[in-house]
Amino acid sequence: MPRRRRGELSELIHRKELDTHRGVSHVGARGGFAQVHVALDRSDISRARLDFLQEIADAGISLRFVKLTPAGISFLIDQSDETSVRELLGALGFEFEMLGHRSLVITYAPNMRDEPGLIAKIIRTTIESGVEVGQVGDMHDRVLLMVASDEADKLRLLLESRLIEVGP
Amino acid sequence: MKIKILKFGGTSVATPDARDRAVQRVLATQQLGFSPVVVVSAIGRRGAPYATDTLAELLSEMGTTVRAAPRELDLIMGVGEILSAAIFAHALRLAGAEASALTGGQAGIYTDGNFGNARITHIDPQLIISEVSAGSIPVICGFQGIAEPDAGAKTDGTLTTLGRGGSDTTAAALGAAIGAVTVEIYTDVDGVKTADPDFVSNAPTLRRVVYDEVAEIAHLGARVLHPRAAEIAMKNSIPLWVKSTFSDAIGTEVVSETQQRRCSGVTHTAKLAYLQFDLTALDQDVANQIRQTVYSALAANDLSLYMLDMSPSGIGFGIPVSEYPLVKELFDGLVLSFREHQLFLILQVGRKSSKEVETQAEVLGANAKVGRVIADIAQYCTVVSLIGRQLVVEPGMCLLALRSLYDENIRVIQTGQSDLSLSFLVPDVDTQRAVRALHERFAVGVDVNG
């Protein structure tokens with residue numbers, strides 16, 4: 001094999017992505033959701049949550065972003081299921097709040113828990129912006145913020161401007 | 001020149017017998033016509049004399065009045081891999097091979113200037129290529145590099161370490177930089193298991209797993225491979241294997257696609273404390289101010305957070321259990337004033353009020369309306385996760401998992417979800433039962449050969 005000159009090799013290697021990015025890499029938004037908060041019997045809340053989820057499963061409804069809240073349970077549904085879920089929960093007599101036209105604003109930061117304080121900083125920035133957050137979620141590489149769709153772009157741009165560090 | 005990267009973990013270089021097995025694997029690779037490039041971790045696991053943690057403790061044992069400088073800490077932690085590389089290169093020479101030990105810097109691994117958790121910025125493998133071309137086996141120190149010349153005057157050219165799992169990261173990045181035909185991670189288990197074998201003794205080994213699933217498995221607790229290594233291999237399409245130094249089992253091949261399994265594994269990770277503030281009885285503006293105060297304090301104190309919840313009825317978050325005393329100190333007894341409501345609210349961490357909270361309530365209560373916002377605490381808990389792309393899209397899977405745990409009388413404190421996993425926060429004492437219950441209910445491992 002012909003030996004590469006040092007410059008050629010270095011150029012080749014510089015083009016490769018050899019390690020994960022540090023800090024926030026980008027912020028995106030995805031719409032088309034409705035958010036549901038359900039208040040359940042708190043005397044045996046674990047049982048009440050299971051019974052509730054069983055009713056939802058029996059109706060063939062897909063839930064996302066399920067969170068156990070002090071009052072009961074919260075989750076997301078596709079906007080297209082909003083009417084049927086509203087009717088179902090009403091018919092079953094559940095106490096619930098449904099917020100339509102919701103979007104997920106997603107802040108990506110690979111291996112974000114290797115950067116202590118980053119997740120809290122993202123949420124603090126969001127709360128300080130005045131945008132009302134209906135729910136949050138976290139993964140190893142992203143924070144998800146559920147907001148009203150007409151506020152999603154504003155929040156996305158704010159998080160981009162405040163959190164993405166521009167390299168030298 | 002077909003280069004193979006072989007990375008040996010701490011247990012694979014810990015004893016003469018283990019080293020001998022590792023050396024034989026390197027020689028066998030060479031005999032098959034490949035050019036081996038070896039990456040080594042420090043010798044042994046936590047507690048061993050030259051293990052990374054032991055070396056780091058050498059400075060703290062001298063006294064705690066002054067914190068160890070990150071630069072010195074990295075220098076001392078890098079010693080473990082330097083010893084290991086020199087010993088392994090010598091072992092190869094004793095076995096009749098040509099070999100030379102290289103530090104991360106000599107191997108051309110450049111990083112940013114973040115001591116203790118540096119990221120690789122580029123690799124100039126000129127010396128590695130020269131060694132390989134000359135028929136010698138480079139034995140490279142994992143977990144370390146040197147700071148880029150432009151990383152700042154205080155970091156310029158000094159040794160940096162790559163953080164947890166850094167040797168896996170070194171191996172994958174080198175594989176990408178020099179166009180290796182494959183990267184093989186050697187450890188003391190047969191490959192990627194469907195669960196921790198200490199918890200599920202018959203947990204099978206996955207024959208194949210896709211890059212993003214193995215990264216998820218690693219992020220959520222499996223220690224067999226570091227997620228950064230899987231992510232680097234994925235981005236650069238480097239074939240990756242996880243194998244045992246000590247057995248001839250074929251191991252796990254990490255690939256870009258495989259047959260769809262419902263579930264590839266059950267993991268457990270992160271000893272956490274979980275706090276959940278109940279805000280149900282509060283006005284929305286009051287609740288918002290509490291949220292803002294809490295998250296500002298968490299951000300200001302650089303705390304890592306897990307399993308977040310922020311609904312109208314409350315906020316919840318997990319923190320590493322080691323940070324619980326700090327969080328208790330931050331919030332327990334903290335008074336928030338709401339002038340427009342003519343109200344003081346005292347935050348209380350735990351159902352039982354502390355002396356601090358009682359004193360605040362007594363002092364403030366004499367002249368004003370005072371309320372309490374109580375955070376329920378689960379002080380010792382663990383995240384147990386089901387991994388699998390199908391799980392997340394198939395309706396009813398969250399319910400099935402919750403029911404499995406409920407049937408075992410295991411309390412689920414919080415849930416989480418990603419594109420590849422469903423996670424459940426459970427009390428630490430129930431971890432093993434939770435892992436077993438989910439492994440059994442989801443029949444994890446029935447299709448490991450896919």
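Buried residues make up 38% of the 168 residues in chain A. A residue is buried if 20 or more other C-beta atoms lie within 10 Å of its own, exposed if 12 or fewer, and partly exposed in between, with C-beta atoms placed from the backbone. This is a predicted model: local features need pLDDT of at least 70, side-chain atom pairs count only at pLDDT 80 or more, and totals for chains, interfaces and linings use all residues. Residues are numbered from 1 along each chain as its sequence is written, while chains are lettered from A and ligands numbered from 1 in the order in which they are written.

Chain A holds five helices and six strands. Helices (H or I, at least four residues) and strands (E, at least two) are DSSP runs, numbered from the N terminus. Their order from the N terminus is α-β-α-β-β-α-β-α-β-β-α. Of the contacts in chain A with a separation of 6 or more, 71% join residues 24 or more positions apart. Here, contact means that two C-beta atoms, placed from the backbone, lie within 7 Å.

Now the interface. On chain B, 55 residues are in contact with 49 residues of chain A. Elements giving two or more residues to this side of chain B include strand S5 (120-123), helix H5 (166-178) and helix H8 (284-300). H8(B) provides the largest share, seven residues. By class, this side of chain B has 22 nonpolar, 22 polar and eleven charged residues. Nonpolar covers Ala, Val, Leu, Ile, Met, Phe, Trp, Tyr, Cys and Pro; charged covers Asp, Glu, Lys and Arg; the others, Gly among them, are polar.

Next, a sheet in chain B. Four strands form an open sheet in the order S5-S4-S7-S8, with mixed pairing. Two strands pair if DSSP finds at least two bridges between them. S5 and strand S8 (159-161) are the edges. The twist averages 45° from one strand to the next. Strand S7 (residues 144-147) pairs with S8(B) in the antiparallel sense over three bridges. There, B:Gly145 stands opposite B:Thr160. Helix H3 (residues 70-94) of chain B packs on the sheet, touching S7 and S8, at about 75° to S8(B). H5(B) also packs on the sheet, touching S4, S5 and S8, and makes about 40° with S5(B). Axes are lines fitted to C-alpha atoms, for helices over the stretch in contact, and angles run from 0 to 180 degrees between N-to-C directions.

Finally, one residue. B:Leu422 lies in strand S20 (residues 421-427) of chain B. B:Leu422 counts as buried because it has 24 C-beta neighbours inside 10 Å. Beyond four places away in sequence, B:Leu422 touches residues including B:Ser385, B:Met397 and B:Gln417.
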